[in-house]
Amino acid sequence: MGDMTNSDFYTKNQRNDSNHEGGFGCSLLELRSLMELRGMEAVVKIQDDYGGTEGLCQRLKTSPTEGLEGVVTDLDKRKEVFGENLIPPKKPKTFLQLVWEALQDVTLIILEIAAIISLGLSFYQPPGGGSESCGTANAGEEDEGEAEAGWIEGAAILLSVVCVVLVTAFNDWSKEKQFRGLQSRIEQEQKFQVVRGGQVIQLPVSDIVVGDIAQIKYGDLLPADGVLIQGNDLKIDESSLTGESDHVRKSAEKDPMLLSGTHVMEGSGRMVVMAVGVNSQTGIIFTLLGAGGEEEEKKEKKVKKQDGAAAMEMQPLKSAEGGEVEEKEKKKSSVSKKEKSVLQGKLTKLAVQIGKAGLVMSAITVIILVLYFAIDNFVLQKRQWLPECTPIYIQYFVKFFIIGVTVLVVAVPEGLPLAVTISLAYSVKKMMKDNNLVRHLDACETMGNATAICSDKTGTLTTNRMTAVQCYVADVHYKAIPDPSSIPPKTLDTLVNAISLNSAYTTKILPPDKEGGLPKQVGNKTECGLLGLVLDLKRDYQTVRNQIPEEKLYKVYTFNSIRKSMSTIIKLPDGSFKMYSKGASEIILKKCSRILNEVSEPRVFRPRDRDEMVKKVIEPMACNGLRTICVAYRDFPANPEPNWDDENNILTDLTAICVVGIEDPVRPEVPDAIRKCQRAGITVRMVTGDNINTARAIAIKCGIIQPGEDFLCIDGKEFNRRIRNEKGEVEQERIDKVWPKLRVLARSSPTDKHTLVKGIIDSTLVEQRQVVAVTGDGTNDGPALKKADVGFAMGIAGTDVAKEASDIILTDDNFSSIVKAVMWGRNVYDSISKFLQFQLTVNVVAVIVAFTGACITQDSPLKAVQMLWVNLIMDTFASLALATEPPTESLLMRKPYGRNKPLISSTMTKNILGHGVYQLTIIFTLLFVGEQIFDIDSGRNAPLHSPPSEHYTIIFNTFVMMQLFNEINARKIHGERNVFDGIFRNPIFCSIVLGTFAIQIVIVQFGGKPFSCSPLDLEKWMWCVFLGLGELVWGQVISTIPNSKLRFLKGAGQLTHKDEMPEEEQNEDQEEIDHGERELRRGQILWFRGLNRIQTQIDVVNTFKSGTSFQGALRRQSSTTSQNQDVTNISSPSHVSLSNALSSPTSTAAAPSGQC
C-alpha cells in the first residue's frame, strides 16, 4: 500500500521535469543528481554549471542572506515542484487487519475449532435416535425442544470469542492511534532555524522547502539536503548514511554537501536547501526500501514495537543504512536498551509458567473425563460400540474436549498482556500532562525501579536563565554590575566588541512577551548572560554586529566540549587580525600573559598573579554558585598571516579583559523534588561541566549534599585518576570505590559521564543491580543517555541528538518532572501486581473447580461460556479498572523494588492463597450440599442436553460475586487495611465494577440456555451477594495474619522466578534471551556470535538493527513473527563500548553461550 503512495508521489514530482519546473532555473532531477556528488567533485560542478552558490541561489530564486520572502503562493509552488519535506508514513493497520491478528491467538483457535465441531455435531441427527443401546447418551432426549438447543453452546462460545477478538483489536487500534498522535506531537516539536525575509524564524521541519536558507549549528539533525553557503569550523557526523565514524569537515570551498539525517557535531553555518522529503538522499534510500514492501512490513512491526515514537519525518533516517539515526558515540555506548525491561522479563517468565501448568491441568481433565466415560459405559455396563451411536459418543467427547479447553482458557492469564498495555498506554497519556513525553514505552516502567539519577546542572536543576551578577574588570572586583562610567572607555569598547562578535549571531535577547516580564533569551544561555551584561552597560550588541555581519568574520573556533572556549577572528581595515576569546575562566586565564589594568593598558600577568586571582576573585564567585567566564583578546600582524589551523599556537599569549560571574538560579521546586527522590531511595548525583566550587554551591542549594556529610565532590581529572590503572584503563573495582559516595562530578567530559553511568550499571557491589536514569541536553550527552536504563532529554534546551538518544523527553526541562516519572513508573508496576493478584485468584479457583468438578461429576460446574465470561470479559475489564489507578504520593515513600524481587510478593501470595481457600470452600459447599441448603433440584450428573439448573446457576453467580468484591480487595497489595481508600478518585474502576454487576444480572436472569443459567429469585440473589461480600470481611482476616507466621510463602513468592535474572547481571550488554530464543539451535548461536565480532567493525549494521528491534512483549504475536523478531534481536546484540570490546573480547563472545 505504502508503495503505491510513494510512487504516486514520485510521478507527480517528475511530471514537471519537461518544462524546467515552473520557472525555476533547475529541475528536480538536476538537484537530485547534484546532491549525489561529494567533495571537490561537487564544488567543481556547482562552479561550472551554476556559477557557484550565488548562481545556484539565483536559479532557485532565493537570496543567500535574506532567504525566501515567505510568500504563501511561492512556498506552495515550491512544494508542488520540488516536493514537501516529509516522507509519507506507512498506512496504519486497518481494524480488520488487527482483528485478523487477534484471531491468531492459539487458545482462541482451539476454542473456535471446538465450538465448530460442537455446532456441527448438534445438527447431526443420528439415525436410530431412540435406541436404548447407546446408553447414557440418550438420557436427555425426552424433550425434543432441548435437543434442538444443542447448537447454543457452540454458538455462545463463538460469540464470546468474537467479543474477545474485538476487544483485543480495539485495544491495539487505539494504542496505534495513540502512538501516531505521539508521533505527530514529536514531529511538531521538531523545529529548525530558517532565514525568511531577512528574519531568522523557527519552522516546523515539514514546512522547509527547496530554496530555504537554513541556519545550522552544533547539535542539529539536518532536516533536508543542502549546499553550504558559509560555515565556521563545521564538522558533520555522517555515520548514519555512510557508516564512516570520523567526523567530516565541511566548508564552502572543499566539501559543501550536507545531507539530511546527519548530525552537526561542531561549528555552525548556513545552507541553501536543495532537496526535501522523498527526494533527499535519505528519502531516496527510503523509496528504494519500498516503503510498503514486504521488508517494510516486518520493519513496521518492529518500528511499532518502538512505539513508532521515532517519527518518520523527524528522522528522515530510518533508512537503508540508518535504521535509527544513531551517533557513532551512541553506538559505542553499548545499547543496553535492548535488554527487556524488568517487568517484561518477569511477566514473560510468569506467563510461560502459568501456561504450562494450565496445559497440564487441561490435558489431565480431558483424559480423566474420557476414561471415566469409557470405563463407565463399556466396562461396567458392558455396552457394545454401535456404529449408529458414534455421533452421540463423539458429541460427548467434544463436550469433554470443550471442558478441557475451558480449563486451559481459564488458566492462561489472557488479561495480562492487556493489563500491561493498558497500564503503560494510560500512564504514557497521563505523563504527557506531567511534561514527560515518553518515546519508549518500557522506559516508563523501568523508571519506577530507578535507584540513581545522574542529572545535569544547567537547565535541569537550575532555571537556565543566565544573568551576569559580578565582574572583575580593570583591576576591580565589582560585586554588582558597575556603572559604565566607572570602566575605562577603551576597555569597555573592547569588552563590548569581544562579547558581541564572539558569540553565535543566533543568540539574542528579545523584548519580553508580556509587559513587565523578563527579556526573552534565545540561543546559548551563557552567551545570553554575557549579552545581558553588554545591555546592562548601556551598550547595544546589535550595532556592533551590524558593522561586522557574520559573513565578514574571518574564522571562528566554535565551542566544543574539548576546547571549552570559543574564539572569533576578524580582519581589521589595515589587514591585521584581532581574535576575541571567551571560555571557562581557569582555562582562558592559563593562556593569558597580560591583563588590561585600570587605564586600559595591558600589564604582565604571571602565573603567581593568576593564582592570586583564582583565590581572590574566581573562588569567591564560584562559592556563591556563579559560573565564571573569562573574556580575552589577542592581536596578530597582517603578515606573515598566522597558520590558523595550528590551534595551540593561536590560542596562547592572550590579554584578559575581564572575568564575569554569571548566576543561574536553582529552580524553586528542585530542592523539594530532590528530597522526595532521596526519601524514595533514589540517589541523585550531579554531573556538570562547571567549576567544582560552583557545582558544590549549587549542590548544597539543591540539597544533593548536606553540609557535614561524608560525600565526594570531585572533578573530572580526579575522577579519572581514581578509576584508571597505570595503563590508563578503567577498572570496575576502582569505580566501585568511588561511585557509592560520589554526589558531584564537576568539569566532567562526556566520556566521564558515560564511564560513570556504565560503572554504576555494571557494578556488583550491591546485591541489586543499579537502575540508572540520566538527564542530558547536549550532543555530547548522547552516549550517556543511550547507556542509561532511562535517558531523559530536555525538550526546550535539548539538541536533536540528545532527544534522539533519549527515552523520555522532559517538555519543561524541569527536574521535578522526573519525580513524576518515577511515581508513574512505580504505579505501572503496582497496577500490574494488583491485576496479577486478582487474576491469579480467579485462575487458581476456576481451574481447581473445573478440574475437580469434571473429575467427580463428569461435568464442570462452570460451563465453557461462563468461564469465558469470567475469564476474558471480566479480566479485560478488571485490567482496565486496576491498571488505571492514579498514582499517589505514598508511592514515593518506599524503596525501589529492584530487579530480583519476585513479581508476586509474599503478601500477594498470602492474599491469592487466602482468597482461593475462601472461594473454593464456598463453591464446593454449594456444589455438594447446595441443593439441600436451598431446597432445589441437584444439578449434578445432568444428561447431555438437559436444561440449565438453578443449582449450577447459583454456583456461577456466587463465583462472579466473589470475584467482584475481590476486585476491590485487589486494589491494595501491601497489606493495607482500607481497601476503599481513594476509590472515588478512579471513576473508571467504579463504573467497571457496577457495569460488570449489571451485566451479570442480565446474564443470570435472561442468559438462559447459551449461558447455561436459569433465573434466580431475590432471596437466592441476596445469598449470592452476601457470600460475595464475605470476601471483604475475609480480606481483613487475611491481612491480620502476619507474613512472618507463613514461612512457606517466602518460597511461594520466589517459586515463580527461581533464577530471576542472574544472566542479566553478568552480561549487561547482552539482551536477556527470552524463551523463544532459547529454542534457537546452538549452531545458530555460534553463527550469531561470529556476527557479533564482525559487528564491532561494521557499525552500520548495528545502527540499522538497534533502531528497529525493540522486543515488545506488549503485543501477543503469533509465534512466527516473534520467531522473526528473536532472530533479528540476537543478530543485533548491542555491543560493549569499543575500549571494552578490545580489552576483553572474550567476555562479549562468551555471553550468548552462557545464556542459551
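Is Lys 741 buried, partly exposed or exposed? Select Lys 741: with a relative accessible area of 39%, this residue is partly exposed (buried means under 20% relative accessible area, exposed over 50%, partly exposed in between, with a 1.4 Å probe and protein chains only).

Before moving on, a word on the model. It is a predicted one, in which local features need pLDDT of at least 70, side-chain atom pairs count only at pLDDT 80 or more, and totals for chains, interfaces and linings use all residues. Residues are numbered from 1 along each chain as its sequence is written, and side-chain values use heavy atoms, with hydrogens and water left out.

**Salt bridges**

Asp 710 and Lys 741 form a salt bridge, with 2.6 Å between the closest N and O atoms (a salt bridge is a side-chain nitrogen of Lys or Arg within 4 Å of a carboxyl oxygen of Asp or Glu). The two sit 31 residues apart, Asp 710 in the loop between α26 (692-702) and β22 (712-715), Lys 741 in the loop between α28 (732-738) and β23 (742-746). Asp 710 is exposed, at 51% relative accessible area.

For a contrasting setting, go to Lys 582 and Glu 527, whose side chains meet in a salt bridge at 3.0 Å, N to O. Lys 582 belongs to strand β16 (residues 577-584) and Glu 527 to helix α20 (residues 525-536), 55 residues apart (helices, H or I with at least four residues, and strands, E with at least two, are DSSP runs numbered from the N terminus). Both Lys 582 and Glu 527 are buried.

Next, select Asp 233, Arg 249, Arg 563 and Glu 647 together: salt bridges link them in a network. The structure holds 40 salt bridges.

**Aromatic pairs**

Turn to the rings, where the count comes to 18 aromatic pairs (rings of Phe, Tyr and Trp, the last by its six-membered ring, pair if their centres lie within 6.5 Å; planes under 30 degrees apart count as stacked, over 60 as edge-to-face and the rest as tilted). Phe 170 and Trp 173 make a tilted pair, 5.9 Å centre to centre with 35 degrees between the planes. Both lie in helix α10 (residues 151-189), 3 residues apart, about one turn of the helix. Trp 173 is partly exposed, at 32% relative accessible area.

Then pick Tyr 918 and Trp 1034: their ring centres are 5.9 Å apart and their planes at 25 degrees, so this pair is stacked. Tyr 918 lies in helix α34 (residues 906-934) and Trp 1034 in helix α37 (residues 1018-1040), so the pair ties together parts 116 residues apart in sequence.

Finish at Phe 373, Phe 378, Tyr 393, Phe 397 and Phe 400, which form one aromatic cluster.
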